[in-house]
Amino acid sequence: MIRPSDLRVEVDRDGHCATITVGGDIDIATIGSLETARQRALADNPTRLVIDLTSVGFVDSSGLKFLLETHRLSQQHRWELQLLRPAESTMGVFRLTGTDKRLPFLDGD
Amino acid sequence: MRYVFQLLGVAGVYVASGKLGLDLAFASHSVTAVWPPTGIALAALVLGGYRLWPAVALGALLTNIDTGVPAVTVLGITLGNTLEGLTGAYLLRRVADFRPSLDRVRDVLALVSLGAMISTMVSASIGVTSLLIGNALGFSDLPSVWRTWWLGDMGGDLIVAPALLVAATHRPLVRGPGKPWEAVVLTFLVAGVSVLIFSQHTTFVYVVFPFLIWAALRFWQPGAAVASLIVAGVAVAFTANGKGPFATSGPDDRLLLAQTLVAVAETTALLLAAVTSERRRAEDSLAEIAATLQHSLLPPELPAIPGWEASSHYRPAGVANEVGGDFYDLFAIDGGWMAVIGDVAGKGAQAAALTSLARYTLRTAATLLGEPATGAVRHLNRVLYERPELSLCSAVCVRLREQANGANATIVCAGHTQPYVVRDGVPVALRTSGELAGAFDDMTLEPVALDLSNGDVLVLYTDGVTDTLGALDRFGTRRLEHALSGVRSPQQAVERIERALANFQEGVQRDDRAILAIMCT
């Protein structure tokens, strides 16, 4: 059984585009590994960062803060951020906070 | 008069311990490998001030007067011993900003370097010169006698002085975590192990270290000092009688070896005690800062409002002294009341500072702005957005105006978990919506107006409640609604949620939790 709080993070760097693929629950206990992943993904100054949230089951306020921070970074340093939309049940925190319309969500495949 | 008694007391102890040391002298009747008076003089001058110098001079004079050397030599030695103590005390007090309680690492290092190593050279040099002048010493013996003198005095500063300094400054004597029975056991163990080591011709003298470390960790400076004194007493007693690991060396040398071992062990123990108590002080001040902050973040208790009942619950995640990012508030505004609950994203001191900022911004803005109800939240958004680092806060502000048979509530939700109204025991979620404060320079808010009847319970809570992790999933709103079913009072609402969370939660609490429930009666 996978504990609900487990987080799997993969970083893929391919020239100008970096991708962070996340699976599991993003909360206060797992946010650290995501921050490390962002650091690695941005190491080569990519022009685009994709964060794949399609397999994320839960996002809490610290996860939301992480995404808003990343969004602000992308605006300051002029690179593109794309978020691959998680399942409808996970979108709750984004809708609750009004950030579903503000963050650059793309529909996943 | 008191001063005279002090002088006589110090001089008396000095002479007594000096005679004891001279009894152990071999190479010369004036030079001994064990010289406790140095430590007594240093402790007296550090604790009592320079004005006690006549006691040191008198003590040194009386101790050396009948050792069979010429008067000029006795006077020289007296001068050397007095100057040694004054030099040590001066260096410690003036140069090192020394605290005699030895509870900082720098105090121990200062005692070892400035006191034990440097000031003792004064006495050794003047003393040896005095012996030369009085023809009590040949030139060829000078290096070894100087060394014996120096090391003997050093032993006094390292073994005797710490015990006196600690005994005089530690009130209560034991502040460490060690228990009284433990002290008794440890005393017997230290004495027993010391006797075993120093009565046999063995080489494993290092066995004393674990016991000194134990004493230092559990009983701090007093433990280190007392344990070292026991080891020193046993070591000197056996070694002087030709027993123990150093027996094969000459009489003065073996005492020096034994004493050096104890001095090194004691220094180690004192350093360890200093590190331990430094860390404890740091932890204590951290806990105090956290508690003070925490105290400023929450209303000490909810105000009593005529016609209303209110109840709250707050529980930060993690250890007791951590400050959380959740807050709530209930206060009077023009024409009514304002109930607030909020949650700042983040952890630690930064989150605590932000929590305080958010709570007082909302309180001040709501008090001053009055209308519209969304004003305070918009103001908070501006304050947070203008901060250099991303500062987020979700909050619910409820403006309450009393009316016949109840109250009118305007609920403004800024990206926060949705409040509930429990009416006739049935919980109903309030479909409010609004954006998180601090994320963007403008914000959309859709306040909801609601008439509360007498007996309706309004329940505000933070996401620490619904995000609580159970064995398989999160607590969620469904379990929250279940807990709130049949609730008739704020107190009952808070108790029910607490109990449901306690039953549901698996493992440690990860996020802060706050609940505020109010009802008009």
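Angles between axes under 35 degrees count as roughly parallel, over 145 as roughly antiparallel, 65 to 115 as roughly perpendicular, and the rest as oblique. The axes themselves are lines fitted to C-alpha atoms, for helices over the stretch in contact, and the angles run from 0 to 180 degrees between N-to-C directions. Keep both in mind for the helix pairs below.

This is a predicted model, in which local features need pLDDT of at least 70 and side-chain atom pairs count only at pLDDT 80 or more, while totals for chains, interfaces and linings use all residues. Residues are numbered from 1 along each chain as its sequence is written, chains are lettered from A and ligands numbered from 1 in the order in which they are written, and side-chain values use heavy atoms, with hydrogens and water left out.

Start with chain A. Chain A holds three helices and five strands. Helices (H or I, at least four residues) and strands (E, at least two) are DSSP runs, numbered from the N terminus. Read from the N terminus, the elements of chain A follow the order β-β-α-β-α-β-α-β. Chain A has 109 residues, and 51% of them count as buried. Buried means under 20% relative accessible area, exposed means over 50%, and partly exposed lies in between (1.4 Å probe, protein chains only). Now look at contacts, meaning heavy atoms within 4.5 Å. Take those in chain A with a separation of 6 or more: 62% of them link residues 24 or more positions apart.

Zoom in on one residue. A:Thr70 sits in helix 2 of chain A, which covers residues 61-77. Is A:Thr70 buried or exposed? Its relative accessible area is 0%, so A:Thr70 is buried. Its side chain has polar partners. A polar contact is a pair of N or O atoms within 3.5 Å; within protein, one must be able to donate a hydrogen and the other to accept it, and residues adjacent in sequence count only if both atoms are side-chain atoms. The side chains of A:Thr70 and A:Arg38 make such a contact at 2.9 Å. A polar atom of the A:Thr70 side chain also lies 2.7 Å from the backbone oxygen of A:Phe66. Set aside neighbours within four places in sequence, and A:Thr70 is in contact with A:Arg38, A:Leu49, A:Ile51, A:Trp79 and A:Leu81.

Move on to chain B. Its secondary structure comes to 14 helices and twelve strands. Of the 521 residues in chain B, 55% are buried. Among contacts in chain B with a separation of 6 or more, 72% come from residues 24 or more positions apart.

Find helix 4 (residues 71-95) and helix 5 (residues 105-133) of chain B. Their axes come within 8 Å and cross at roughly 165°. Helix 4 and helix 5 of chain B are therefore roughly antiparallel to each other. Their crossing is right-handed. A crossing is left-handed if the near helix is turned anticlockwise from the far one by less than a right angle, and right-handed if clockwise. By class, the contact of helix 4 with helix 5 of chain B has 14 nonpolar, twelve polar and one charged residues. Here Ala, Val, Leu, Ile, Met, Phe, Trp, Tyr, Cys and Pro count as nonpolar, Asp, Glu, Lys and Arg as charged, and the others, Gly among them, as polar.

B:Thr73 belongs to helix 4 of chain B. At 0% relative accessibility, B:Thr73 counts as buried. A polar atom of its side chain lies 3.1 Å from the backbone oxygen of B:Ser130. Not counting residues up to four places away in sequence, B:Thr73 touches B:Ser130, B:Leu131 and B:Gly134.

The loop between helix 4 and helix 5 of chain B contains B:Leu102. B:Leu102 is not a glycine, yet its phi is positive, about 55°. B:Leu102 is buried, at 0% relative accessibility.

Helix 4 of chain B has another partner. The axes of helix 2 (residues 37-48) and helix 4 of chain B come within 9 Å and cross at roughly 45°. That makes helix 2 oblique to helix 4 of chain B. This crossing, too, is right-handed.

B:Asn405 lies between strand 4 (393-403) and strand 5 (406-414) of chain B. B:Asn405 has a positive phi of about 60°, although it is not a glycine. With a relative accessible area of 63%, B:Asn405 is exposed. B:Pro172 lies in the loop between helix 6 (142-169) and helix 7 (180-199) of chain B. A cis peptide bond joins B:Arg171 to B:Pro172, with omega about -5°.
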